[in-house]
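Here are my notes on this entry. Please read them with the model open.

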Amino acid sequence: MTDTIFALSSGRPPAAIAVIRISGPKARSAGGALAGSLPPPRTAGLRRLRDRHDATLDQALTLFFPGPATATGEDLVELHLHGGRAVVAAIEAELALLPGVRLAEPGEFTRRALSNGRLDLAQAEGLADLLEAETEMQRRAALAMAEGGLSRTVTEWLDALSMASARIEAELDFGDEDDVAQASAFDPASLTPVIEAMVAMLDRPPVERLRDGVVVVLAGPRNAGKSSLFNALLGRPAAIVTDIAGTTRDVLEASVVRDGIPFRLVDTAGLAEETADPIEAIGIERARALLDAADIILWLGDLEDAPPQAVTIGARADERSYRADCYDHVVSIHTPATIDALWSGIASRAARSLGDLSGIVPHRRHRELIGRALVELRHIGGGDLLLDAEHLRIANLALGTILGRDATEAMLDALFGRFCLGK
Amino acid sequence: MKQFDVVVVGGGHAGTEAAAAAARRGARVALISQALAQVGTMSCNPSIGGLGKGHLVREVDALDGLMARAADDAGIHYRMLNRSKGLAVQGPRLQADRRRYRASIHRQLADYPNVTLIEGEATALETQGAVTTGAILADGTRLETRAIVLATGTFLGGKIFRGLDRAAGGRIDERPANLLGEQLRALSLPMGRLKTGTPPRLDGRTIDWARLEPQPSDVDPWRMSPMTNTPRLPQLACAITRTSERTHDVIRRGLATSPLFSGDIEGGGPRYCPSIEDKVHRFGDRDGHQIFLEPEGLDDAWIYPNGISTSLDVETQTAMVRTISGLERAQIVQHGYAVEYDYIDPRSLDHRLALGAIPGVFCAGQLNGTTGYEEAAAQGVVAGLNAAAYACDLEPMIVDRARGYIGVMIDDLVLQGVSEPYRMLTARAEYRLALRADNAETRLSEWAGSLGALTARRQEHVRRRSRMREAARAGDDRTASADIVREVAEDRRYAPYLERQSEEVERMRRDGNIAIFTDGAALRTIPGLSTEMIERLELASPRTLDEASRVRGVTPAAIAALWLHARKRSA
């Protein structure tokens, strides 16, 4: 018998409201044990929740959703409590005393939704992201996934590929029938829109970038003011700042969210041609490697040394004078407006490089499968239909794996719906 | 009292192959047919093979079945379909002389001393407890047996429709098998109705051949079976014509009396072999449909107009034919009709084609929801081999999806069931590049030989050909016959793809080892399975995770739940 599980499904108390969800075959009786009676399905009702000694625990808005048309596919009860720590703890303790009812393990609600066919794999992955989302951008991307954005896109691709398969199969299995001969033959160019859409999807930043942040690397020669700017951008003294050149010998990282975008700010050792300090040498090595991995480079040094695409910074503007039109930004940590302006510049550049993140952001698993399908589709040339069909089959298999569905039936339906076959 | 190991009910393509296959494994076999003279009759079109179907014929032959050699004995027109497209989708197809085909089947069966032909109607299966013990005939004869193969074709509850006329029977002038059908229904086996049909037959002497485009037989002398060494019969040409708008008008006017559109026929017909009235109805925008005029025999004037299967009334059929180019004066010698018949939901069978509900009973052919001689014959072989195994305590013989189209078909049938008569298509096979019509012998014969399913003569043939193949693979083509040289060359051409597929196959076979329980009680203990999933799994009763993944409508989520459960159990 399946256990009935419960968990707090709103944020940590204290809060105005705390929602506890109970899912499983005993959800109804467990809810009833606390609330006395449950309101009719899908209707909110105010109930007094009591413990086994009839002492009142809370007044709660109570809802009952009968399975299988629920988020988990099972009977589901929701208790909307007053969000104090003590209230939540008391209700949880009371539920845990009921036989066959226990606290849910992490991810167990989603697991049940997946097992009960309420979500496909891609949606479940999106939901998991949603629960982990910390920034607005992460939330939007995860929501798009959980609502089936990727599933819909991949389904559209599969439909297009089914049609291509159907054409090839019609030519292979029924090529001698005039119906098929009349229909236009398979044209590999018909796959171009799908291929382009797949390439565009792969060009989107991976979800890991959203989770871990856009990498902003501060680079430049020693003593250029990198660490000071690092601290100013963070708004706290994370790096040790001295007048001694080469103070920062290793790489320093800090995470920060601006405009709903997560950033990883990286302060690096000053780039020097030579150093006698072996630790600084390693730091410089790492700094160079980081320049390659950076999404955005803030360059605090001579303009002619700036890496391509770098944002050039005229730092310590209070001490030095710059020709403003030669630099992207001229900043001083003592003038907050210049730091804010730099931040807006970084944020808009990040938004540009991340693209439209209200859309779907593929996971590594998705990227691999889409990439595998893409390789196959690019091999299709219209020469040997048999091999084209084989490449299509593997591509379909890979895309089907994203959703976990079989593409053969869809192809046969397309085949028979389109052509009048058979003698 | 007569004692047998295996009793086969039905003498069509499935029944005759089942009887011969069981006999090859050493069983004492009885074949019961209502009319022995009709054993081996081609009741619909006079052709054998085609795309996918030709693969099945070659596989039946590789298992030493009768069909390919009978086809060669009777072939009056050979055509290799898809000749320009790669061996994996080339479909050997031939037109057979009906009489010579039947004669060849009779002759081949007579070569099996352990097959007894019995004329009569099987009316009941006899069981003791859960074990099959015998078959009862209409005249009261009781045959004692341990295994029964049902291959009743369209005769179980068969009903013929033509216009407003109705008749009982599986073929014109032949009685249906109703008592046996009643017994099966009484056992509450899951059964349903399906429909098939035939076109009117024409007198070839009344066709204006000069006006039509002829289609000659292939010149190169390929044969259906590598065992065949006799010369070809004289070859005839087929011809092509087509329906016209006038034809379609006549059909539309006649629809009022069509049993298809009146709702009289409840059984589903195949999408890929629709009647001409269906085609006109579903594809109203087409101005014509192709018709192949196929001779039915060398010394026989009957012509089979392939493409205008119909159950319209007699007058409409005549008027319709007269609107077709070349057929303006054609005489109809037998009108077309539709047949509706009982079939058993094949999900109640296992991969041996054994009925789960009654141990010892096997089913093959149209009874299982398929269409076509080739599909029937292929199932007949598997049912016969396994009925003999059951009766004589031998190893079962199951062809999996990677070994042959036979395996693809049976796997589809027993796991997915049917919603229309099942026809083989090359598109159904995942491992198509490996499952070619030209390498059926390589894939199946040695395996069959190791399980004692080949005659001594075939064994010798296989040994000789294996030596040729080995030599050809080593680069020595001097001794190999032309078809083997081609086979080896094709293997080389597809080598990288074959390698990739064989990895896939290995993965499938490995996953196939994860056993699952699918009886209802066990399924209900698995968290996360909906009632619908439990029902689907219980009905198809897959034995492994891999099989479960191919059951129609079973969601990936359910597979995940089964997998989690299986893993937990083994931990």
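The points below take a helix pair, a helix and a loop residue in turn.

1. First, a caveat. This is a predicted model.

2. Two packed helices are described by the angle between their axes and the distance between the axes. In chain A, helix α6 (residues 149-174) packs with helix α14 (residues 385-403) at an angle of about 160°. Their axes are 10 Å apart. The angle makes α6(A) roughly antiparallel to α14(A), because the cut-off for that term is over 145 degrees.

3. The crossing of α6(A) past α14(A) is left-handed. What residues form the contact of α6(A) with α14(A)? They divide into 16 nonpolar, five polar and three charged.

4. Turn to chain B. Helix α2 (residues 53-62) has ten of its ten residues buried, so α2(B) is largely enclosed by the rest of the structure. Charged side chains are on that list too: the buried residues include B:Lys53, B:Arg58, B:Glu59 and B:Asp61. B:Gly54, B:His55, B:Leu56, B:Val57, B:Val60 and B:Ala62 are buried as well.

5. Check the backbone just after α2(B). There B:Asp64 takes a positive phi of about 70°.

6. Back in chain A, look at A:Pro307. This proline sits in the loop between β10 (296-299) and β11 (311-314). Is A:Pro307 buried or exposed? A:Pro307 is buried, because its relative accessible area is 19% and the cut-off is under 20%.

7. What does A:Pro307 touch, leaving aside neighbours within four places in sequence? A:Pro307 is in contact with A:Ile297 and A:Trp299. A:Gly67 is 240 residues from A:Pro307 along the chain, and their C-alpha atoms are separated by 59 Å.

Key
Residues numbered from 1 in each chain as written. Chains lettered and ligands numbered in written order. Predicted model: local features only at pLDDT ≥ 70, side-chain atom pairs only at ≥ 80, totals over all residues. Heavy atoms only, no water. Axes fitted to C-alpha atoms, helices over the stretch in contact; angles between N-to-C directions. Helix = DSSP H or I, 4+ residues; strand = E, 2+ residues; numbered from the N terminus. Parallel < 35°, antiparallel > 145°, perpendicular 65-115°, else oblique. Left-handed = near helix turned anticlockwise from the far one by under 90°. Buried < 20%, exposed > 50% of the residue type's maximum accessible area, 1.4 Å probe, protein only. Contact = heavy atoms within 4.5 Å.
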